[in-house]
Amino acid sequence: MEAAKVPRQRGEHMLDAAVRYAEERHWDVCPGTWLEAAEGAERCSCGDTGCAVPGAHPAGPDWAGQATGSGAAARRMWSRHPKSSILLPTGRAFDAIDVPESAGFLALARMERMGLPLGPVAHSPDRRMFFFVLPGAAAKSDALVRKLGWRASAIDLVGRGDGHYVTAPPTRVGGRGAVQWARRPTPANRWLPDAEELISPLAYACAREAADARTRHPQSTLS
């Protein structure tokens, strides 16, 4: 069965987006924190004035257990807190390969030219990109990168699997902007690629970005 179109990146309520992710993509969804108006500004519902990702993180330690793939259950949860962010747990329907924004766009353009199969790709206002792949990627991404001659930690490539999550559009992260789709979920990308299919261009782009960063800031490599 084909998936219907995903939510618009702007102008759609969080409840409607969460329900559609559950019903149309069969992704588990979990409500996170949200933004609250306070003294002429917005702050995270967690109450921490120094929150690193205001309005866009789990609301409690049991967040993974609260995640649901039921559209009806998602509707009930977001009805209680309509502004809750949308968290998509990884390690279930998909894993994610998390890379810096500049490397992600470079790799995405290269993979599109190569005609590689691609799943959805999310882009966060924190300048990270998340490539959705089949579950299991997080467990083998380090080894795959090592085979190419790099260390994943050195080139800032991270596999997100069990115990992690991706923040989904149209969630807003404080005043930084909203999470968006660099490649939207569509019927054509319902079947996700395996990590092996994407790891080479992603690792190459991350390594190139890391080398450029060392050139721009050579003093950072002396510590």
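Begin by selecting M14, L15, A17, A18, V19, Y21, A22, E24 and R25, which are the buried residues of helix α1, where buried means under 20% relative accessible area, exposed over 50% and partly exposed in between, with a 1.4 Å probe and protein chains only. You are looking at a predicted model, in which local features need pLDDT of at least 70, side-chain atom pairs count only at pLDDT 80 or more, and totals for chains, interfaces and linings use all residues. Residues are numbered from 1 along each chain as its sequence is written, and side-chain values use heavy atoms, with hydrogens and water left out.

Next, select the whole of α1, residues 14-25; helices (H or I, at least four residues) and strands (E, at least two) are DSSP runs, numbered from the N terminus. Nine of the twelve residues of α1 are buried, so that the helix is mostly covered, and these buried residues pack against α3 (71-80), β4 and β10 (180-183), contact meaning heavy atoms within 4.5 Å.

Strand β1 (residues 30-31) runs antiparallel to β4 and is joined to it by two bridges, with P31 opposite I86. Strand β9 (residues 165-167) also pairs with β4 in the antiparallel sense, over three bridges, and here L88 stands opposite V166.

Methods: Two strands pair if DSSP finds at least two bridges between them. The expected span of a helix is 1.5 Å times one less than its number of residues.
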